[in-house]
Amino acid sequence: MLLSFLHVRVIVNDRDIYPLPNDKPVVIEVKGDEAKLVVTDGFHFTRPLQLNFKEPSYYNFKIVAAINDLQLLGGSALLVILYLLGFLTGVFILKLLSFLPLLYFLFLYYINRREFIRVARV
């Protein structure tokens, strides 16, 4: 779900750019024996992935984010529950603890930029 908000693109051999629509496969034809792939959303970049072709073949990849849908939902629920408990009981430490999931998500998004978007083999 998080990747649907980002405009993810694949850069092939530092010159060809292919946009990746949400939940639709994209076929990228590569001329030659080698290809270097980089996936980006403009802010995050993956490490270059070097592909070597010995014979005509194909690779299947899936682009994933460091924060999956279950983590995003669980962190949001934890934030709401802890904040409401702190608001209703008046315990200030619960209100402060409610921001831990948000700080964790911001750490993954801004500080850990190289690992936010990942290329996974299918």
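**Close-up views of a predicted model**

**Figure 1. The largest nonpolar core.** The largest nonpolar core has 19 residues, and Ile67 and Phe116 are those with the most contacts inside it. Strand 1 (9–12), strand 3 and helix 3 (100–111) are the elements that give two or more residues to this core. Strand 3 gives the most, with 3 residues. A nonpolar core is a set of buried Ala, Val, Leu, Ile, Met, Phe, Trp, Tyr and Cys residues joined through side-chain atoms within 4.5 Å. Buried denotes under 20% relative accessible area, exposed over 50%, and partly exposed the range in between, with a 1.4 Å probe and protein chains only. The structure is a predicted model, in which local features need pLDDT of at least 70 and side-chain atom pairs count only at pLDDT 80 or more, while totals for chains, interfaces and linings use all residues. Residues are numbered from 1 along each chain as its sequence is written, and side-chain values use heavy atoms, with hydrogens and water left out.

**Figure 2. Surroundings of Ile67.** With its neighbours within four places in sequence left aside, Ile67 is in contact (heavy atoms within 4.5 Å) with Leu2, Leu72, Phe105, Leu108 and Phe116.

**Figure 3. The overall arrangement.** The protein comprises 3 helices and 6 strands, in the order β-β-β-β-β-α-α-α-β from the N terminus on. Helices (H or I, at least four residues) and strands (E, at least two) are DSSP runs, numbered from the N terminus. The radius of gyration of the protein is 19 Å, whereas a compact globule of 122 residues would have a value near 14 Å. This radius is taken over C-alpha atoms, and the globule rule is 2.2 Å times the number of residues to the power 0.38. Along the principal axes, the C-alpha atoms fill a box of roughly 65 × 25 × 20 Å. Buried residues make up 25% of the 122 residues. Of the contacts with a separation of 6 or more, 54% are between residues 24 or more positions apart.

**Figure 4. The largest pocket.** About 1,400 Å³ of space lies in the largest pocket. Its lining consists of 44 residues, of which Leu20, Val26, Phe61, Lys62 and Ile63 lie nearest the pocket centre. Strand 3 (34–40), strand 4 (49–52), strand 5 (61–65) and strand 6 (117–121) each give two or more residues to the lining; strand 5 gives the most, with 5 residues. The lining divides into 29 nonpolar, 7 polar and 8 charged residues. On a 1 Å grid over the protein atoms alone, a pocket is an open set of points where a 1.4 Å probe fits, with protein on both sides within 12 Å along at least five of seven lines; lining residues have an atom within 4 Å of a point.

**Figure 5. Val119 in strand 6.** Val119 is found in strand 6 and counts as partly exposed because its relative accessibility is 33%. Its C-alpha atom is separated by 5.9 Å from that of Lys62, 57 residues apart along the chain. Beyond neighbours within four places in sequence, Val119 is in contact with Val39, Thr46, Leu49, Phe61, Lys62 and Ile63.

Figure 6. Asn13 lies in the loop between strand 1 and strand 2 (16–19), and Asp14 is placed in the loop between strand 1 and strand 2. Most residues other than glycine have a negative phi. Asn13, which is not a glycine, has a positive phi of about 55°, and phi of Asp14 is near 60°. Asn13 counts as partly exposed because its relative accessibility is 24%, whereas Asp14, at 56%, counts as exposed.

Conventions:
Points joined across faces, edges and corners; volume = space filled by probe spheres on them. Nonpolar A, V, L, I, M, F, W, Y, C, P; charged D, E, K, R; others polar.
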